[in-house]
Amino acid sequence: MTAVLEARGLGKRYRRLWALADCTLSIPAGHVVGLVGPNGAGKTTLLNLAAGLLAPTTGTIEVLGGPPPASPVQLARVGFLAQDAPVYAGLPVADHLRLGAHLNPAWDEELARGRIDRLDLDPGQKAGKLSGGQRAQLALTLAVAKRPELLLLDEPVASLDPLARREFLQDLMEAVAEQGLSVVLSSHLVADLERVCDYLIVLVGSRVRVAGPVEELLATHHLLSGPRRDPATLPAGQQVISASHTDRQTTLLVRTSDKVLDPAWMVSEVGLEDLVLAYMSQAAGRSRRNHLEVQK
Amino acid sequence: MTWLTWRQFRAQAVAAAAALAAFAVLLAVTGPHLASLYAASGITGCHSGSCGQLASTFLSQVAATSIDPAVYLLGIAGVVLAPAVIGIFWGAPLIAREFEAGTFRLAWTQSITRARWLAVKLGLTGLAALAVTEALSLIQAWWAAPIGQAARLATDSNFPLGMSPFSLLAFDAHGITPLGYAAFAFTLGVTTGVFLRRAIPAMALTLVIFAAVQVAIPLWIRPHLFPPDHTTATLSSFTALQTRIGPNGAFAFAVQFLPTQPGAWILSSGAVNAAGQLVSTSPAACKSLALSSSPTWTQCLASHGIRIGVTYQPTSRYWAIQGTETAIYVALALALAGYCFWRLGLRRLS
Amino acid sequence: MVIEFHLDARSGVAPYLQLIHQVRQALRLGLLREGDQLPTVKDVVAGLAINPNTVLKAYRELEYEGLVAARPGIGTFVTGTLAGSSLAAHGPLRRDLQRWLAKARRAGLDDESIEALFISTFRSAAEEDIA
């Protein structure tokens, strides 16, 4: 299966700060990919690079087989929904659809009209007067009705209330089922992504910490708890992501493709949220250590 | 993209159309009166000797009416200010607004290239800018035609703003220069918008730079586009000689019109001796007469070989200067447009 | 639509398994009969906001178990039943269970302890099946 997004050593720097560093990914087609990480981790930067709105400082990125945005043909195959769903405030909803129709050769007018009707959006209403949820739905309609192969969504539900959030995701999944889209959507909350994503990328501190199918990630990460022990004593195949100790007890989150056979450990499954939190704390711990070292 | 550009431009187009209509109505209402005055003045078909006087009379008549000078000034002001207004209100927000509102992320992820997006926006709105400016200029020129005709012939006048077609505001408002200014002001506005990414600061910067250029070019560049002509003439051939007299026989002369070419552009003038050098001190024999600045004093100077030397651009160079200046502005406009294309190709995040 | 799915996000059970359970339950109770069409993938994800692959996986597994069959372009239809195979074993199993419950109560276990004992034994037995 061809990759929808292929990044090699991708990096983006603004003046002195690296917003994204050393990013190497190969995202297969046919998935709903969750890009999760704290604010400022580089999610928006990565998505904007993929959409061709930014140029890389180092490394390469290829989307649907070519560097973005290579040509009108490639632009037509990728849909993008920017953070906060920007729309033309002075233009009514109907004119936004006309915009889509004029600027996209593969525009599906019926699909767009149908969505607007179903969402109960007034075609004559100026887009600036819509609620946040309605704006997000309008922007999603524009992105989906151009019939792309890949949809990139930057924190699409961040500022939506729970009902609007649920409706947005319902609509998005319906579009995925109907059109066979690949989707990459970002969020700083794992809960938003858990239901809909079957592939996960964790981005913390401008770097990719872990990436892979959700099923595989859940199967290869385990929570081990047992008597107090130095994490360095674990076998080589078990990578410790996070560790916490009390006087007598050690709890570790490890990544391993083998079964954990040591009877001293109680092995339990890890939820997606805890998995992501473990990687976030791992990144934070490392940077804290660096900070201390510099201070010496 | 054509539709979208029009749709985003619609409100500004309506405002421009309304302003243009108001302008046209005002001038249409007052035009015929001016034309009939001109017809009655006898300038058409006049003999070369009397033309100057008839023209001056006509212009004084026009100046005496309460409406015509005001409308003339308003018309000229409209044409001269239009490029600035266009640059500020059409040019500066064109791209800056898209950055401010984040809508460039919507526009640049549709199925057209950024180059095409910019080309259509710049091209169509720029054409509208040129059309509006040219329309204003043509309407004003139609209205002021009688005055322009008379100005070419008049030897003196107290009509406001001076009358030579080279006079500052007249040159800026007539011919093809308004097109150059409009093109430059518009692309300057767009460029500041691309550079600053915020509409209000871009508008302010456009105003400052455009005003500076519009002052600098007529002052320092326009007079030197072509090497000027020189001529001398007797003191007596000038009817209006501006004189300044200082202590110890120092003096200076200046003229506003060349009697042989009323419409010429005087760059500098002064008293010169027989050898053509500037004279700033009265010959000893004439000093005592200087205080009165009477005709006897000027006769004394003339008898010592003192004449008026004039450096000027002849009326025949009008179109050459117009064309060259417009070409400069158009070249600037194209350079700025090129910069915009280059800059937007760099794909920055705001 | 004949049946509607729901999802318990906090149950710890994988979503696709929950869907499979609900189909099997519906078959057992007779809510789903042979020839009925299961909700389309599109309808399920539009209702639950879950990944279409989850639904596809559940339907594939049900097809593998011989309970449903997919007809490309039309939908997924029920082909088997569960009612028959389980009813026969119900009676004796129920009596065995009643006897066990009586034993547990005599041993002094309260309701919660009985439930915990049952679930932990059930889960470890399931894991051994997989291993």
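**Stop 1: a strand pair in chain A**

Select Leu153(A) and Leu185(A). In this predicted model, Leu185(A), in strand 7 of chain A, is the bridge partner of Leu153(A). Now widen the selection to strand 6 and strand 7 (residues 182–187) of chain A. The two strands pair in the parallel sense, and four bridges hold the pairing.

With strand 6 and strand 7 of chain A, helix 6 makes a β-α-β unit. Which hand does this β-α-β unit have? The unit is right-handed.

**Stop 2**

Show the side chains of strand 6 (residues 150–153) of chain A. Leu150(A) and Leu152(A) point one way. Leu151(A) and Leu153(A) point the other way. Buried or exposed, these four leucines? All are buried.

**Stop 2: two domains in chain A**

Color chain A by domain. Domain 1 covers 3–205, and domain 2 covers 216–295. Their centres, taken over C-alpha atoms, are separated by 33 Å. Nine residues of domain 1 and eight residues of domain 2 take part in the contact.

Select helix 7 (190–194) and strand 8 (199–204) of chain A. Each supplies at least two residues of the side of domain 1 that touches domain 2. By class, that side of domain 1 of chain A has seven nonpolar residues, one polar and one charged.

**Stop 3: where chain A meets chain B**

Show chain A and chain B together. The contact takes 25 residues from chain A and 18 residues from chain B. On chain A, select helix 2 (72–77) and helix 3 (93–103). These are the elements that give two or more residues to the side of chain A that touches chain B. Helix 3 of chain A gives the most, with five residues.

Now color that side of chain A by residue class. The side of chain A that touches chain B has 17 nonpolar residues, four polar and four charged.

**Stop 4: two domains in chain B**

The assignment gives domain 1 as 2–224 + 318–344. Domain 2 of chain B is 229–313. How far apart do the C-alpha centres of domain 1 and domain 2 of chain B lie? They lie 38 Å apart.

The contact takes 12 residues from domain 1 of chain B and nine residues from domain 2 of chain B. Select helix 5 (residues 114–153) of chain B. From helix 5 comes the largest share of the side of domain 1 that touches domain 2, three residues. The residues on that side of domain 1 of chain B divide into seven nonpolar, three polar and two charged.

**Stop 5**

**Stop 6: chain C on its own**

Chain C has five helices and two strands. Along the sequence, the pattern reads α-α-α-β-β-α-α. The radius of gyration of chain C is 18 Å, well over the 14 Å that the globule rule gives for 131 residues, so chain C is more spread out than a compact globule.

Of the 131 residues in chain C, 22% are buried. Among contacts in chain C with a separation of 6 or more, 60% come from residues 24 or more positions apart.

**Stop 7: a glycine in a loop**

Zoom in on Gly66(C). This glycine sits in the loop between helix 3 and strand 1 (68–71) of chain C. Why is Gly66(C) classed as exposed? Gly66(C) has 9 other C-beta atoms within 10 Å, and exposed means 12 or fewer.

Gly66(C) and Thr79(C) are 13 residues apart in sequence. In space they are 7.2 Å apart, C-alpha to C-alpha.

Notes
Residues numbered from 1 in each chain as written. Chains lettered and ligands numbered in written order. Predicted model: local features only at pLDDT ≥ 70, side-chain atom pairs only at ≥ 80, totals over all residues. Buried ≥ 20, exposed ≤ 12 C-beta atoms within 10 Å, placed from the backbone. Pairing = 2+ DSSP bridges. Right-handed = clockwise from strand over helix to strand, strands pointing away. Contact = placed C-beta atoms within 7 Å. Nonpolar A, V, L, I, M, F, W, Y, C, P; charged D, E, K, R; others polar. Domains from an automatic or database assignment. Rg over C-alpha atoms; globule rule 2.2 N^0.38 Å.
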